[in-house]
Amino acid sequence: MLPSDSMNSRFNRAPTRNHLSLGPALFGIFLAGCAPSLATLQPAHVAPKGHVQATAGMEIGIPTGTIIRAVDAGQTLEDAARNRQLTDDEKWQLFDAGVNLVVSPLSVGQHFAAAYTFVDRAEVQIRNAGGGWRLGGRYQVIRREDGPFDLVVGFGVARATNPIPLGDALPVLNASDFRRWTIDLPVMMGTSRSWFRVWAGPKALYSRFDTRLTLTLFDNTVEEASFEGHAYYFGGQGGLAFGYRYVFFAVELTLGQLIGSATASTTLATPRRGTDISGFVIYPAFALIGEF
């Protein structure tokens, strides 16, 4: 399979990036990438029976660690590929950079959710965030009226299939057939008053994914890799909201350690190899929260 003439033309016109920092290179996928949603954007209480809690906001994923090193190395190798043939090990490094971008990209996305309290202390929620849909629920273990604070525990399952564009960061790579399942376990402690809400607690997620990457080099070499892997997120989050009675403006910050790996099957001479996708993720979010 050969790339089209238009693709060759695009590659030949592309400037080298020997002195380009990672930030501008990733900015192109900042608006399009969809990392797993780490936000909760719910206070530490369940609405009264028969009431709805609705949320509309934005969340931002900022990965650090392995992804920065992997993508930086990938960009250096992409520049080198303009002048020489790459070894299989160097092609693997490009695949490593690509799967890091797919699994944990620098991203910004919407957060829309609605929760309904069908019985006292228990709610069900549907949410669109992180490039997919999540169905979950929460149960209020402790009420502030009965104890010193509110305490809720939750569980959710999400599925995402949105493709991740890599062209602005690594034009030689293309991602397709992306699928991700995520299970999350939020625990929130806090308190609510008529004009403010505050909450904090641990957050744990497990994510399983698979995707296909195609590497098209400037010498018309085409290689493919099929990745599947898993990731664990462990961290904590806290939020604060101000408003009055029914509508509140909320800000939330999640800090999480990503521990994960992926295994690929490729068309290279060494067909299988593992990739480390670990790193630290900073995840701010903000939203309007209404309770009706």
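This is a predicted model: local features need pLDDT of at least 70, side-chain atom pairs count only at pLDDT 80 or more; totals for chains, interfaces and linings use all residues.
Strand E3 covers residues 122-129 and strand E4 covers residues 132-142; the two pair in the antiparallel sense over eight bridges. One of the facing positions here is Arg 138, whose bridge partner in E5 is Gly 154. In a regular strand, side chains alternate between the two faces of the sheet.

Rolling a probe the size of a water molecule over the atoms shows where empty space is left. The count comes to five cavities of 30 Å³ or more, and the largest cavity holds about 130 Å³ of space. Its lining consists of 18 residues, and those nearest the centre of the cavity are Pro 36, Ser 37, Arg 127, Ala 158 and Thr 182. The elements that contribute two or more residues to this lining are E3, E4 and E5, together with strand E6 (173-192) and strand E7 (196-216). By residue class, the lining of the largest cavity comprises eight nonpolar, four polar and six charged residues.

The largest pocket has a volume of about 310 Å³. It is lined by 17 residues, of which His 45, Val 46, Pro 48, Glu 145 and Asp 150 are the closest to its centre. The lining of this pocket divides into three nonpolar, four polar and 10 charged residues.

Attention may now turn to the backbone. Most residues other than glycine have a negative phi. Asp 177 lies in strand E6 and is partly exposed, because its relative accessible area of 49% falls between the limits of 20% and 50%. Another is Arg 245, whose phi is near 60°. Arg 245 belongs to the loop between strand E8 (222-244) and strand E9 (247-266). Arg 245 has a relative accessible area of 45%, and it therefore counts as partly exposed.

Aromatic side chains supply a further set of contacts. A pair of aromatic rings is described by the distance of the centres and the angle of the planes. A search of the whole structure finds six aromatic pairs. Ring pairs join Trp 92, Phe 95 and Phe 227 into a cluster. A charged side chain also meets an aromatic ring, as Arg 197 lies over the face of Phe 248, at 4.0 Å from the ring centre.

Finally, helix H3 (residues 66-80) contains Asp 72. Asp 72 has a relative accessibility of 38% and so counts as partly exposed. How far apart in space are Asp 72 and Leu 170? They are separated by 98 residues in sequence, and the distance between their C-alpha atoms is 9.9 Å.

How values were computed. Residues are numbered from 1 along each chain as its sequence is written. Side-chain values use heavy atoms; hydrogens and water are left out. Two strands pair if DSSP finds at least two bridges between them. Helices (H or I, at least four residues) and strands (E, at least two) are DSSP runs, numbered from the N terminus. On a 1 Å grid over the protein atoms alone, a cavity is a set of points where a 1.4 Å probe fits but cannot get out, and a pocket is an open set with protein on both sides within 12 Å along at least five of seven lines; lining residues have an atom within 4 Å of a point. Grid points are joined across faces, edges and corners, and a volume is the space filled by probe spheres set on the points. Ala, Val, Leu, Ile, Met, Phe, Trp, Tyr, Cys and Pro count as nonpolar, Asp, Glu, Lys and Arg as charged, and the others, Gly among them, as polar. Buried means under 20% relative accessible area, exposed over 50%, partly exposed in between (1.4 Å probe, protein chains only). Rings of Phe, Tyr and Trp (its six-membered ring) pair if their centres lie within 6.5 Å; planes under 30 degrees apart count as stacked, over 60 as edge-to-face and the rest as tilted. A charge sits over a ring if NZ of Lys or CZ of Arg is within 6 Å of the ring centre and within 35 degrees of the ring normal.
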